[in-house]
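Dear colleague,

Please look through it first, and then read on for what was found in it.

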Amino acid sequence: MQLPIIEPAPLVTTHAEAFRDLFENRCQFRHFENYLTGLMVLPNKSMTNIARCVVESSDKTNVSRYFSKDRWLEDRVNHRRVKYVLQQTERVRLKKDQSALILDDTLCEHVGSLFDYIDRHYNHGDNSYPLAHNPVTSHYVSGPVRFPVDLRLYRRYEEVTHWEEFVQKHFPGGEIPKKKKERAQFHKTVDPTLLQDAEFLALHKQFQTKIDLAKELVEAAIGHKVPFSVVLFDSWYLAKEFIACLRRRKKDWISILKKNRNLETNSFVLKDAEGKRISLEGPHINVEDLVALIPSNAYRAVKMDDQTYWTFTLTVRIPDLGKVRLVISFDNAELKGTYAVLVSNRVDWTAQRIIATYLQRWPIETFYQDGKEHLGFDEYRMRDAKAIQKHWCLVFVAYSFLHLDCLPTSLRQSRLPIKTIGEACRQQSQSLIEALILFASHQLEQGQKANDIFSYLFAKQQSVAMA
């Protein structure tokens with residue numbers, strides 16, 4: 001047996017009223033409240049289980065219709081959410097020039113292949129290709145305030161274009177390579193022919209890279225009037241098209257730089273331990289080879305809270321990116337083991353400021369963790385793409401309501417959240433348990449029998465157990 005829910009969670013009651021006018025009727029709004037509550041407090045976040053545990057909810061079929069057929073628009077809900085959270089957090093946000101937009105993506109893995117747009121995506125953590133959805137998200141950070149802004153679903157080229165089907169159509173009997181390198185070469189061979197097919201060409205034009213989605217997310221954040229001045233992302237998004245978008249929008253940026261990226265050797269001077277200029281051959285040198293030439297006495301300690309980094313910084317030119325600032329950073333004075341390389345358009349910033357700013361990227365990782373562990377970000381069972389988008393939208397809403405409860409009363413109190421999302425979820429569960437106890441107590445005082453109260457509260461759960 002799970003917790004019977006007899007009323008919306010307190011945080012839902014507090015904040016949901018700001019969204020009421022976005023729904024066509026009271027029934028839709030109650031689905032909104034009930035689903036948010038289930039995401040916050042139930043261990044099983046599926047639509048079916050939420051409908052089962054909310055005592056006065058409609059059955060699973062009506063809840064399913066709410067996601068797949070009801071005409072509420074998740075874009076409007078999301079826009080209202082961002083506007084509402086910005087209004088609610090005005091007292092504890094930093095200034096615009098101290099606030100950042102973060103971009104990243106994650107995998108929502110699944111076993112079945114019946115979901116719309118499900119495909120095999122590369123998992124950097126274990127070099128596998130699980131069956132998953134791959135949403136790209138933007139996240140806002142300003143002091144203690146940190147919340148998701150928007151989402152776009154990345155779809156692989158071969159899935160968008162039904163590439164394998166068209167290969168079989170135009171090259172019947174041909175074997176499609178499975179290994180990445182051979183498959184890429186095969187693309188070069190067959191794609192010119194496929195692009196002559198009008199149907200395939202139309203699908204080809206629908207494809208969006210992660211860079212395309214990143215540009216959309218930046219534009220969307222600006223459209224939401226999110227106040228930020230710098231964009232943080234990893235090396236996957238460090239492409240000239242995206243940098244051009246940020247330059248046009250007058251946004252600063254910091255990224256991780258891959259160690260095989262080339263630097264223009266005529267754009268900087270490197271000196272050895274005695275201060276003599278090191279001669280560099282050729283027009284370019286990659287980052288890894290550069291690091292091997294930097295003398296140990298050129299590194300400087302930079303302290304960030306309890307962590308000390310040993311850094312070397314210089315201004316260089318990178319093909320396609322232009323003039324940038326590099327920060328090469330080790331976590332030990334011996335300069336052993338792995339190192340990170342940060343790159344930014346702000347050539348006037350110190351190593352300390354670049355590192356401190358990039359460390360603000362961490363909240364998007366904790367959002368993915370909290371979203372999956374506490375709010376069911378990847379636990380949906382609906383197969384329709386529109387319904388899945390609505391689920392993600394409501395996870396964003398639930399997270400935002402919880403985050404508002406985690407904020408300090410002012411920046412003087414703290415520049416970090418004062419409790420975790422997990423703690424906020426547990427407090428909502430405790431409040432609902434208290435409400436359940438009070439409800440049962442009141443019913444007993446009114447003369448109701450304990451067995452009748454129990455049957456009422458657990459009727460739907462018992463029917464499922466008996467089935």
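Predicted model: local features only at pLDDT ≥ 70, side-chain atom pairs only at ≥ 80, totals over all residues.

With a relative accessibility of 32%, arginine 20 counts as partly exposed. Its side chain is joined to that of glutamate 17 by a polar contact of 2.6 Å, and, once its neighbours within four places in sequence are left aside, arginine 20 is in contact with Arg26 and Phe29. As a reference for finding your way across the model, the C-alpha atoms of arginine 20 and isoleucine 254 are separated by 39 Å, the two residues being 234 apart along the chain.

Helix H5 takes in residues 74-88, which makes 15 residues, and reaches 21 Å from its first C-alpha to its last, close to the 21 Å expected at 1.5 Å a residue. Which residues of H5 are buried? They are Glu74, Val77, Asn78, Arg81, Val82, Tyr84, Val85 and Leu86, and what covers them includes helix H1 (10-15), helix H2 (26-41), strand S4 (131-142), strand S5 (145-154) and helix H15 (385-405).

In helix H13 (residues 351-358), the buried residues are Ala351, Ile354, Ile355, Thr357 and Tyr358. Seen down the axis of H13, these buried residues fall within an arc of 165°, so they line one face of the helix. As background to that arrangement, an α-helix has 3.6 residues a turn, so residues three or four places apart point the same way. The buried residues of H13 pack against strand S6 (230-233), strand S7 (252-256), strand S10 (300-304), strand S11 (307-318), strand S12 (322-330) and strand S13 (340-344).

**Aromatic pairs**

How many aromatic pairs are there? The count comes to 28 aromatic pairs. One of them is formed by tyrosine 380 and tryptophan 392, an edge-to-face pair with 5.6 Å from centre to centre and 90° between the planes. This pair links distant parts of the chain, with tyrosine 380 in the loop between helix H14 (362-374) and H15, and tryptophan 392 in helix H15, twelve residues apart. Both partners are buried, tyrosine 380 with a relative accessible area of 1% and tryptophan 392 at 2% relative accessibility. The two also belong to one aromatic cluster, which is formed by Phe115, Phe367, Tyr368, Phe377, Tyr380, Trp392, Phe396 and Tyr399.

**Cysteines without disulfides**

The structure holds zero disulfides. Cysteine 27, for instance, is in no disulfide, and the nearest cysteine sulfur, that of cysteine 393, is 18 Å away; cysteine 27 is partly exposed, with a relative accessible area of 43%. Cysteine 53 counts as buried, at 1% relative accessibility.

Asparagine 49 lies in helix H3 (residues 47-53) and is buried, with a relative accessible area of 1%. Its side chain reaches the backbone oxygen of asparagine 44 at 2.9 Å, and, not counting residues up to four places away in sequence, asparagine 49 touches Gln2, Leu42 and Asn44.

Histidine 162, found in the loop between helix H6 (157-161) and helix H7 (163-170), has a phi near 50°, a positive value in a residue other than glycine, and is partly exposed at 36% relative accessibility. Aspartate 305, in the loop between S10 and S11, has a phi near 55°, again a positive value in a residue other than glycine, and is exposed, with a relative accessible area of 73%.

Conventions
Residues numbered from 1 in each chain as written. Heavy atoms only, no water. Helix = DSSP H or I, 4+ residues; strand = E, 2+ residues; numbered from the N terminus. Expected span 1.5 Å × (residues − 1). Buried < 20%, exposed > 50% of the residue type's maximum accessible area, 1.4 Å probe, protein only. Contact = heavy atoms within 4.5 Å. Disulfide = S-S within 2.5 Å. Polar contact = N/O pair within 3.5 Å; in protein donor to acceptor, adjacent residues only side chain to side chain. Arc of directions from axis to C-beta. Phe/Tyr/Trp six-rings, centres within 6.5 Å; stacked < 30°, edge-to-face > 60°.
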